[in-house]
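Thanks for coming, everyone. Please look at the screen, and I will walk you through it.

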Amino acid sequence: MRRCPECDTENPTESKFCSECGARLTPTPGGGEVRKVVTIVFADVVGSTAMGERIDPESLRTLMGRYFAVARRTLERHGGNVEKFIGDAVVAIFGVPVIHEDDALRAVRAAHELRDGVAALAGEIEREGGPRLEVRVGVNTGEIVAGGRGAGETIVTGDAVNVAARLEQSAGPGEVLLGAETLRLVRDAVVVEAVPPLTVKGKEAPLDAYRLVELRPEAPARGPRLEAPMVGRERELARLSQAFEDVVAERRCHLFTLLGAAGVGKSRLVREFERS
C-alpha cells in the first residue's frame, strides 16, 4: 500500500493519485538520486539502556512497540516519512519523497506533538506499573541527497542528517531542540529559547540550537515579509505582463502555468504581477 502524504489515506501500490484527496503519490526515484532541502526529525527514549537492564526483554519490547506506534502515527500524520527505527531512535524526513513549502513547520509541529504524545503514553505506562518514559527530539533543516534502494526504501545522506542527530543527543528529557535553519523557516510560528552553543562530536564549530517552548497555532511558517523587494524575477514577471497585454489586445483568455519546486517564489511572483 502507498500512504498519501496529504491526507494519510492508504492507496494501492500502483496508484499515482490519492483516491481520497487527489494528491499526487510521488515515490522517491528507485534507481536515481535527488538533491533537495528537507527537515529531519530525530527522536529517542531517554535512559533506554538502563531501562533495559531493569525490565524483562519481552516487556521492554512491548513498551517500545507502543512508543514506536505513537511516533509513526504522529510523524506520518504531519507528512513525515519515517525512514528507520534504530534501537529506540526514530528518524523521519519531511520533504522526501514529496516536498511541501511548509515542511519545516510540519516537522516542528510533529516534534511538539510527539513530545506530548509520549508524555501521555508515559502516564499510562506508569499507571500500569511500568518505568518512566521520556523522549528527546532534534529537528534540523538542510540539503541532503536521497536515493532509492528498492522496496520503497531510501538512503538519505548529508550533514543536515548528522546535525539533527547531534541536536537530539544534546536535548534534555522532554526537550525539542531546533537547528538554526529550521528556526529561520518557522520563526513566526514558534516561541524558543536559545541554548549555549553546542560542542558536538564531528563538528569543528559549535552548533547554534534553540529549545522549543511553544507553538503559535495560527501563525504561518513564513511571515509574509513582502516589504523586501523581489529580486531576480524580472524575466518571469515580464512574461506574465506580456501575456496579460496579449489578453487585452486579443480579447481572449490565455492560460499561464507556473511550475517550480516548493519555496522558489511562485506565490510571490503572482502577488507582484497582481500589484502591477
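Start with Gly202. Gly202 counts as exposed, because its relative accessibility is 76%. Gly202 sits in the loop between strand E9 (190–198) and strand E10 (207–215). Helices (H or I, at least four residues) and strands (E, at least two) are DSSP runs, numbered from the N terminus. From Gly202 to Val163 is 39 residues along the chain, and their C-alpha atoms are separated by 9.5 Å.

A word on what you are seeing. This is a predicted model, where local features need pLDDT of at least 70 and side-chain atom pairs count only at pLDDT 80 or more, while totals for chains, interfaces and linings use all residues. Residues are numbered from 1 along each chain as its sequence is written, and side-chain values use heavy atoms, with hydrogens and water left out.

Now the overall count. The chain has 7 helices and 10 strands. Of its 276 residues, 39% are buried. Next, contacts, meaning heavy atoms within 4.5 Å. Take those between residues at least 6 apart in sequence: 63% of them join residues at least 24 apart.

Back to Val163. Val163 is one of the buried residues of H4. Helix H4 covers residues 159–170. How far apart are the end C-alpha atoms of H4? They are 16 Å apart, which agrees with the 16 Å that its 12 residues should span at 1.5 Å a residue. The expected span is 1.5 Å times one less than the number of residues.

On to strand E10. Leu212 lies in E10. Leu212 is buried, because its relative accessible area is 2%. What is Leu212 in contact with, leaving aside its neighbours within four places in sequence? The list is Val108, His112, Arg115, Val176, Leu178, Val190, Val191 and Val192. Take Val191 from that list.

Step to Ala189. Ala189 is in the loop between helix H5 (180–186) and E9. At 1% relative accessibility, Ala189 is buried. Ala189 and Glu218 are 29 residues apart in sequence, and 7.6 Å apart from C-alpha to C-alpha.

Now helix packing. Two packed helices are described by the angle between their axes and the distance between the axes. Axes here are lines fitted to C-alpha atoms, for helices over the stretch in contact, and angles run from 0 to 180 degrees between N-to-C directions. Angles under 35 degrees count as roughly parallel, over 145 as roughly antiparallel, 65 to 115 as roughly perpendicular, and the rest as oblique.

First pair on my list: helix H2 (residues 57–77) and helix H3 (residues 103–127). They pack at about 155°, with axes 9 Å apart. H2 and H3 are therefore roughly antiparallel. The contact includes Leu63, Tyr67 and Val70 of H2, and Leu114, Gly117 and Leu121 of H3. By class, the contact has 10 nonpolar, 2 polar and 4 charged residues. Ala, Val, Leu, Ile, Met, Phe, Trp, Tyr, Cys and Pro count as nonpolar, Asp, Glu, Lys and Arg as charged, and the others, Gly among them, as polar.

Ile55 is in the loop between helix H1 (48–54) and H2. Ile55 counts as partly exposed, at 22% relative accessibility. Not counting residues up to four places away in sequence, Ile55 touches Leu60 and Pro131. Ile55 and Gly130 are 75 residues apart in sequence, yet 8.7 Å apart in space, C-alpha to C-alpha.

Next pair: H6 and H7. Their axes come within 10 Å and cross at roughly 50°. H6 and H7 are therefore oblique to each other. The contact is made by Glu236, Leu237, Leu240, Ser241 and Phe244 of H6, and Leu269, Glu272 and Phe273 of H7. These divide into 5 nonpolar, 1 polar and 2 charged. H6 has 17 residues and reaches 24 Å from its first C-alpha to its last, close to the 24 Å expected.

Last stop: Arg251. H6 is followed by Arg251. Arg251 lies in the loop between helix H6 (234–250) and helix H7 (266–275). Most residues other than glycine have a negative phi. Arg251 has a positive phi of about 55°, although it is not a glycine. Is Arg251 buried or exposed? Arg251 counts as exposed, at 76% relative accessibility.

Notes: Buried means under 20% relative accessible area, exposed over 50%, partly exposed in between (1.4 Å probe, protein chains only).
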